[in-house]
Protein chains: 2
Amino acid sequence: MHGQVLARHDALVGPHYDRIINQFRAALGAGGVIEDTPSRAAFRDPFAPAGQDWYEPGVVLMPASVEEVQAVLRIANEHKTPIWTSGQGRNNGYGGASPRVSGSLVMSMRRMNRVLEVDPVSATALVEPGVRFFDLHDHLRAHAPHLWMSVPDLGWGSIVGNTLDHGMGYTPYGDHVASQCGMEVVLANGDVLRTGMGGMSNSRAWQVYKRGCGPSFDGLFMQSNYGVVTKMGVWLMPAPQCYMPGWLQLQNDSDLEVLLERLRPLMMDGTIANQPMIINAVCAMSAFTQRDAWYNGAGPMPQAIIDEIARQPMLGAWVMRFALYGDEQVVARQRQIVEDALGSIPGATLSFAKYDGHDLPDFENPHERVQAGIPSIALDQMSRWYGGESGGHVGFSCAMPITGHDGAAIRNLVRNEVNAAGLDYSGVIIVSKRSMIHVGLVVFDTADVEQGQQAYAVSRKLVQTAAQMGYGEYRSHLDFMDLVADQYDFNNHAQRRFSQLIKDAVDPNGILSPGKQGIWPASMRA
Amino acid sequence: MHGQVLARHDALVGPHYDRIINQFRAALGAGGVIEDTPSRAAFRDPFAPAGQDWYEPGVVLMPASVEEVQAVLRIANEHKTPIWTSGQGRNNGYGGASPRVSGSLVMSMRRMNRVLEVDPVSATALVEPGVRFFDLHDHLRAHAPHLWMSVPDLGWGSIVGNTLDHGMGYTPYGDHVASQCGMEVVLANGDVLRTGMGGMSNSRAWQVYKRGCGPSFDGLFMQSNYGVVTKMGVWLMPAPQCYMPGWLQLQNDSDLEVLLERLRPLMMDGTIANQPMIINAVCAMSAFTQRDAWYNGAGPMPQAIIDEIARQPMLGAWVMRFALYGDEQVVARQRQIVEDALGSIPGATLSFAKYDGHDLPDFENPHERVQAGIPSIALDQMSRWYGGESGGHVGFSCAMPITGHDGAAIRNLVRNEVNAAGLDYSGVIIVSKRSMIHVGLVVFDTADVEQGQQAYAVSRKLVQTAAQMGYGEYRSHLDFMDLVADQYDFNNHAQRRFSQLIKDAVDPNGILSPGKQGIWPASMRA
């Protein structure tokens with residue numbers, strides 16, 4: 001559909017190249033413009049399959065201030081040159097830092113990395129988009145050790161970038177969009193907007209009250225290409241008296257359905273306040289070993305071997321990690337409730353650890369770390385199931401109700417299709433208060449041309465089949481953004497038509513991240 | 001500033017009157033077009049002060065379906081006639097159903113009053129905009145008695161209308177914007193948009209997952225004039241095992257500061273999961289008696305009489321209502337934590353009641369009702385402090401951090417100014433997880449011309465003074481909408497400029513609720 005824009009954007013290979021680059025150098029300094037191929041490679045999709053003419057970053061721009069962001073956009077408007085923005089560019093499994101339109105300028109926010117403010121009383125932070133989870137964590141340990149943050153499994157990413165892409169963490173503040181409060185946005189024309197109470201110059205409530213007096217614009221700037229977020233408020237969690245991470249191991253594949261039915265009420269009533277993660281045996285083992293430690297054959301791993309993996313210590317057909325937080329007596333009672341509800345599943349094993357929330361050890365176990373808001377990168381190992389260092393994955397990620405019916409339906413679909421493509425099924429379910437995300441972690445060896453093609457082909461097929469069953473993606477790889485948007489078909493794709501209407505109003509030259517989430521500016525629409 | 005549009009809109013007094021009305025009659029049937037003055041009076045601001053040329057409704061249109069809403073907008077576009085939309089029109093204290101531009105057509109959604117769906121498993125409802133809190137409550141009692149809803153103090157309003165205006169209730173689901181999931185919106189051009197997962201024709205997640213795969217538009221359609229919401233998803237609360245409403249009475253005015261400091265951690269960590277309401281003695285007494293039961297003099301009530309009121313049973317200088325919900329043992333422990341934190345304030349009295357959440361009595365006490373999600377209209381009495389049946393109020397309502405410093409600052413400001421205007425200070429603080437709203441309930445006798453003028457004059461002054469202190473309104477009366485928007489001054493009123501940009505894109509003829517929240521279409525801008 002948008003094949004014509006998959007060709008390299010030619011602004012930077014045309015006759016104006018030198019003039020444009022000189023303008024950027026004048027605005028950002030030589031250190032803010034990265035042209036050499038090895039340095040730019042860090043902004044490619046780290047899991048780009050071999051043999052693909054993949055989404056290639058053009059020159060990389062590194063503004064260090066709001067004014068420099070404005071300068072970049074001014075130059076881009078002048079030349080109608082697209083700019084693809086990322087925070088740290090760690091959106092791995094969905095394209096990393098690479099742009100939808102090959103050859104686009106890439107604007108990385110890595111140099112805008114200041115924690116601007118932490119309010120220890122209201123427990124909020126104001127951060128720039130280059131601040132990594134690791135950075136805020138370091139800052140809090142030094143300046144506000146009584147406050148916890150929420151982190152995803154890999155802490156190297158940008159807090160802002162993760163939030164804008166509807167990312168999740170695993171403390172009770174793990175719905176990152178819900179824990180966001182207030183933004184500063186540079187619009188395509190360089191104008192600076194602050195959302196919510198930030199609309200007042202001297203507001204005392206910008207980081208505590210989410211809305212202003214009028215429409216709320218924050219949602220517009222998430223998963224979109226309507227502006228560049230340069231500041232964002234984040235809610236922090238007062239350290240709980242007690243932190244109790246828990247593990248549940250299930251013997252049988254079909255126990256997943258039982259678990260989801262019993263888990264739903266515990267999520268709705270807040271007994272479990274974080275976002276539990278349920279993973280299958282292959283996924284769980286991929287945190288520890290590569291595939292060839294178990295099996296070297298072609299095609300999907302035989303069931304007997306998967307069963308053997310499931311029988312390893314602390315593993316199961318499905319394993320759930322979760323945690324309880326708060327007053328010690330309340331947590332003790334919540335543990336009892338969880339034991340009654342989940343521990344009684346036949347064959348299930350339930351175990352807990354217990355820590356003083358104000359005096360955490362330096363956990364080695366990455367699961368205990370991230371559920372306490374301590375960044376880790378240990379689980380990056382999961383991408384190495386096939387091919388070791390050349391291993392990769394693409395995320396196929398659906399939102400759905402928390403029911404056994406829906407859980408079984410997506411598991412069966414994804415497992416059948418992925419196996420039919422010759423790949424192992426690595427399944428992750430992240431459970432929130434009223435919905436869950438099933439991530440089919442489609443793992444493959446990026447160096448294996450055929451396997452890469454199969455991984456992407458099956459993911460594309462799943463997008464369409466799942467949509468027919470009523471399941472839409474919550475996030476998507478660059479390569480499927482148009483396809484995913486196609487599935488949002490109500491009333492002749494009313495969402496896409498409205499997205500385009502807003503796009504044309506706020507970015508008439510179409511310079512900001514064209515194609516992001518299937519939203520194209522007028523000049524690039526088919 | 002917008003004086004020119006305060007004049008009656010002339011579309012309906014001009015030569016086209018009959019033709020336009022006939023078009024609406026053809027579209028809606030005679031029963032859908034209300035012209036006679038007595039019937040239209042029900043759509044006036046119920047608290048319009050005497051002697052004011054106030055915001056007068058023109059002809060009232062009552063569509064009964066999405067198609068009829070589309071027909072109304074088609075005719076309005078043809079004639080470029082403004083349409084002011086309300087759900088039930090019970091936005092009392094902020095203008096009721098009356099339009100910002102006097103003489104505008106008023107579109108009431110009262111006939112679109114169906115509860116379209118209740119999902120008893122995921123605990124969600126899908127409602128039309130005319131559904132009152134009373135209606136959904138009746139529906140749930142009949143069809144899903146295990147589910148609670150959240151209600152504001154007065155249950156006669158529209159669930160959708162209240163939510164769109166950032167309204168609040170008093171169960172743990174009381175942040176109504178946060179409990180909203182999915183919308184259907186008729187845009188100004190008649191196109192129908194569904195937000196979030198509703199963008200898919202057959203989504204299974206429209207009411208459980210708040211976002212789609214792309215920008216989130218729901219916030220755009222709240223406190224705005226960008227579209228007409230025709231369906232909305234609402235999250236419901238599984239009945240808790242135990243419901244424990246509590247009361248805290250404080251002896252001294254300055255105890256408010258102490259309370260807020262001790263309450264903040266209990267809000268942040270979820271010990272108190274609903275939205276406590278803290279009211280002063282005058283406000284508390286206004287639920288039971290009129291002012292002249294205590295004092296008949298002009299000017300503000302003397303402190304000695306306020307002190308006497310505060311000494312009445314169950315009252316105090318400040319009184320807080322709140323409630324605990326959940327497992328009986330958890331609630332018992334939470335009660336202990338609350339007793340330790342708040343019961344220890346010198347002179348404080350703390351009391352609790354306890355109910356089986358699955359078998360509630362038919363409470364008489366409106367506070368026990370609304371905190372259990374049972375609608376009431378008893379507290380409408382509060383508007384009768386001055387003047388009895390002709391009593392009214394205007395809400396002056398700021399968002400702020402939960403601190404003693406901020407609570408004292410706004411209390412002192414509002415009390416001083418309201419008293420200086422000769423009026424009693426009726427103060428309400430509604431506390432959320434990370435912010436609070438101080439509502440100065442500026443009560444007056446609508447039949448008293450001078451008092452009405454004073455009430456509005458002091459409210460206008462407060463909007464400006466509070467803004468200088470960093471406190472912005474979270475909601476506002478028609479009469480202050482422009483003034484409130486003026487206070488959002490960051491970067492030369494970037495919020496207003498952006499609001500206008502979106503307005504012009506989505507409603508180029510400016511037909512939808514011009515002036516709402518200070519957002520005017522291009523044709524009406526000064």
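## Exercise 1: Helices H7 and H10 of chain B

In this predicted model, helix H7 (residues 255-268) of chain B packs with helix H10 (residues 328-343) of chain B at an angle of about 155 degrees, the two axes being 9 Å apart. Determine whether H7(B) and H10(B) are roughly parallel or roughly antiparallel to each other, and characterise their contact.

Solution. 
- Step 1. Angles over 145 degrees count as roughly antiparallel. H7(B) and H10(B) are therefore roughly antiparallel to each other.
- Step 2. On the side of H7(B), the contact is formed by Leu259(B), Arg262(B), Leu263(B) and Leu266(B); H10(B) contributes Ile337(B), Val338(B), Ala341(B) and Leu342(B).
- Step 3. Sorted by class, the contact of H7(B) with H10(B) comprises seven nonpolar residues, no polar residues and one charged residue.

## Exercise 2: Helices H12 and H13 of chain B

Describe how helix H12 (residues 404-420) of chain B packs with helix H13 (residues 449-468) of chain B.

Solution. 
- Step 1. The axes of H12(B) and H13(B) are 10 Å apart, and the packing angle is about 150 degrees.
- Step 2. That angle makes H12(B) roughly antiparallel to H13(B).
- Step 3. H12(B) and H13(B) have a right-handed crossing.
- Step 4. From H12(B), the residues in the contact are Ile410(B), Leu413(B), Val414(B), Glu417(B) and Val418(B); from H13(B), they are Val458(B), Lys461(B), Leu462(B), Thr465(B) and Ala466(B).
- Step 5. The contact of H12(B) with H13(B) divides into seven nonpolar, one polar and two charged residues.

## Exercise 3: Helices H7 and H10 of chain A

State the geometry of helix H7 (residues 255-268) of chain A and helix H10 (residues 328-343) of chain A, and list the residues that meet.

Solution. 
- Step 1. The axes of H7(A) and H10(A) come within 9 Å and cross at roughly 155 degrees.
- Step 2. H7(A) and H10(A) are therefore roughly antiparallel to each other, and H7(A) passes H10(A) in a right-handed crossing.
- Step 3. In H7(A), Leu259(A), Arg262(A), Leu263(A) and Leu266(A) meet residues Ile337(A), Val338(A), Ala341(A) and Leu342(A) of H10(A).
- Step 4. Among the residues of this contact, seven are nonpolar, none is polar and one is charged.

## Exercise 4: Relation of the two chains

Solution. 

## Exercise 5: Domains of chain A

Which domains is chain A divided into, and how many residues of domain 1 are in contact with domain 3?

Solution. 
- Step 1. The division of chain A gives domain 1 (2-111 + 506-524), domain 2 (115-238) and domain 3 (242-477).
- Step 2. Between the C-alpha centres of domain 1 and domain 3 of chain A, the distance is 34 Å.
- Step 3. In chain A, 14 residues of domain 1 are in contact with 18 residues of domain 3.

Conventions. Residues are numbered from 1 along each chain as its sequence is written. Chains are lettered from A and ligands numbered from 1 in the order in which they are written. This is a predicted model: local features need pLDDT of at least 70, side-chain atom pairs count only at pLDDT 80 or more; totals for chains, interfaces and linings use all residues. Side-chain values use heavy atoms; hydrogens and water are left out. Axes are lines fitted to C-alpha atoms, for helices over the stretch in contact, and angles run from 0 to 180 degrees between N-to-C directions. Helices (H or I, at least four residues) and strands (E, at least two) are DSSP runs, numbered from the N terminus. Angles under 35 degrees count as roughly parallel, over 145 as roughly antiparallel, 65 to 115 as roughly perpendicular and the rest as oblique. A crossing is left-handed if the near helix is turned anticlockwise from the far one by less than a right angle, and right-handed if clockwise. Contact means heavy atoms within 4.5 Å. Ala, Val, Leu, Ile, Met, Phe, Trp, Tyr, Cys and Pro count as nonpolar, Asp, Glu, Lys and Arg as charged, and the others, Gly among them, as polar. Domain bounds come from an automatic or database domain assignment.
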